Amino acid sequence: MIKLFAKFFSKRFQLIRIYLFQNLSNYKIVEGSPQIKQPTLFVGSGKIIFKEKVQLGYYPSPMYFDTSIYIEARSKASTIIFEKNVIINNNAKIICDKTSIYIGENTIIGYNVEVLDSDFHGLSVENRKNGNYECKPVHIHKNVFIGNNVVILKGVTIGENSVIGNSTVVTKDVPPNAILVGNPGKIIRYIN
């Protein structure tokens, strides 16, 4: 009886959280209708485009009930595109500051992943607070599998069919069919 109550309550609790985040989001910048399984916040003044069958959040998976997904197209010049059949696990952070982030079809993204097109602050002391910093687009090709706790930094292109191992920091382009692991990421082999 307690298990049934807990299951019933947890599903309702998650629906309430999803509803609250929808009301905090800026849906004027969103095109398409993703399947939202975890609370997701959409913010910014750019464009966020979803093609068919994109899923945000996954149950059962860690951080389902206690975190959220954050997707920001910060400026009017920024665009984030999710192609069809993309699955993004819980607690993802995708922030496009001034360029574009593209996620190709059939890509699977693990939990607690960050994809960023910017450093968001200049490296020199005089540029840390003035908005003078560099942004570069991120392009993730189709059929990419990205593990948990991965960070993908600005200017990176990930080739189709590649695998990015858990906790990898992607700082450079990844060729197609590569398996990349580590911090910074290094290719350990290729998929036949």
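**Exercise 1. What is the strand order of the open sheet of eight strands?**

Before we start, note that this is a predicted model, where local features need pLDDT of at least 70, side-chain atom pairs count only at pLDDT 80 or more, and totals for chains, interfaces and linings use all residues. Residues are numbered from 1 along each chain as its sequence is written, and side-chain values use heavy atoms, with hydrogens and water left out.

*Step 1.* Read across the open sheet: the order is β2-β5-β8-β11-β14-β17-β19-β20, and the pairing is mixed. Strands here are DSSP runs of E with at least two residues, helices are runs of H or I with at least four, and both are numbered from the N terminus. Two strands pair if DSSP finds at least two bridges between them.

*Step 2.* Look at the edges. β2 (35–36) and β20 (186–190) each have a single partner strand, so one side of each lacks a neighbour in the sheet.

*Step 3.* Check one pair. Four bridges join β19 and β20 in the antiparallel sense, and I179 faces R189 in β20.

**Exercise 2. Describe the largest nonpolar core.**

*Step 1.* A nonpolar core is a set of buried Ala, Val, Leu, Ile, Met, Phe, Trp, Tyr and Cys residues joined through side-chain atoms within 4.5 Å. The largest one has 35 residues, and I48, F82 and I152 have the most contacts inside it.

*Step 2.* Strands supplying at least two residues each include β4 (47–50), β7 (79–82) and β10 (100–103). β6 gives the most, with three residues.

*Step 3.* Zoom in on I48. Leaving out residues up to four places away in sequence, its contacts (heavy atoms within 4.5 Å) include I29, F42, I71, I80 and F82.

**Exercise 3. Which helix gives the largest share of the lining of the largest pocket?**

*Step 1.* Helix α1 (residues 2–24) does, with six residues.

*Step 2.* Find the lining residues on screen: among them are K7, Q14, I36, Y59 and F65.

Key
On a 1 Å grid over the protein atoms alone, a cavity is a set of points where a 1.4 Å probe fits but cannot get out, and a pocket is an open set with protein on both sides within 12 Å along at least five of seven lines; lining residues have an atom within 4 Å of a point. Buried means under 20% relative accessible area, exposed over 50%, partly exposed in between (1.4 Å probe, protein chains only).
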